[in-house]
Amino acid sequence: MEDEKLTRAKKVFETLCAALDKHNWHYTKNEENLSIDCSAQGEDLPMDINIRVDTDRQLIMLLSHLPFVISEDKRLEVAIATSVANNDMVDGSFDFDVTSGHMFFRLTSSFIESDIGTELITYMLMVSCSTIDAYNDKFLMISKGMMSIQDFIAKE
């Protein structure tokens, strides 16, 4: 069973790399960990992206750490904004660690008993980049006191 999971995970990893190659993305791959690191430039802030194939749980996990730390005095407001943003999100979510002030975007897809195509990887990347780009500057503005939580909620 474990060999079958590893074989399937390696096939998904190959599909992941093929999807990135198809769209001419530059990335660094770690074949041992079945992970890649890449980045994209949004309208305002850069987006660092890590995609990992989890053999045990049979998941493709995309994670993007936002390139700033939320100031301690604004963490409650950003926690509320995170909840508001996630409320209507169809795929993916923002994870906010109120203790450290670090924020991530996460999107996962299971490949249990599934054949994964490059289209799924492309979808995951495009949805993630679009969502991150739509919100990262707003979370930063709340953290810097340039946008109130009331203004954020009103725009949502």
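In what order do the strands of the open sheet lie? Select the six strands, and the order reads β1-β2-β3-β4-β6-β5, with antiparallel pairing (strands are DSSP runs of E of at least two residues, and helices runs of H or I of at least four, numbered from the N terminus; two strands pair if DSSP finds at least two bridges between them). The edge strands are β1 and β5 (93-96), each of which pairs on one side only, and the twist averages 25° from one strand to the next.

This is a predicted model, in which local features need pLDDT of at least 70 and side-chain atom pairs count only at pLDDT 80 or more, while totals for chains, interfaces and linings use all residues. Residues are numbered from 1 along each chain as its sequence is written, and side-chain values use heavy atoms, with hydrogens and water left out.

Next, select β2 and β3, which run antiparallel and are joined by seven bridges; Ala40 stands opposite Met47 in β3.

Among the buried residues of α1 are Phe13, Leu16 and Ala19, where buried means under 20% relative accessible area, exposed over 50% and partly exposed in between, with a 1.4 Å probe and protein chains only. Just after α1, Asn24 takes a positive phi of about 60°.

Finally, select Thr122 in helix α3, which counts as buried because its relative accessibility is 18%; leaving aside residues up to four places away in sequence, Thr122 touches Ala19 and His23.

Key. Contact = heavy atoms within 4.5 Å. Axes fitted to C-alpha atoms, helices over the stretch in contact; angles between N-to-C directions.
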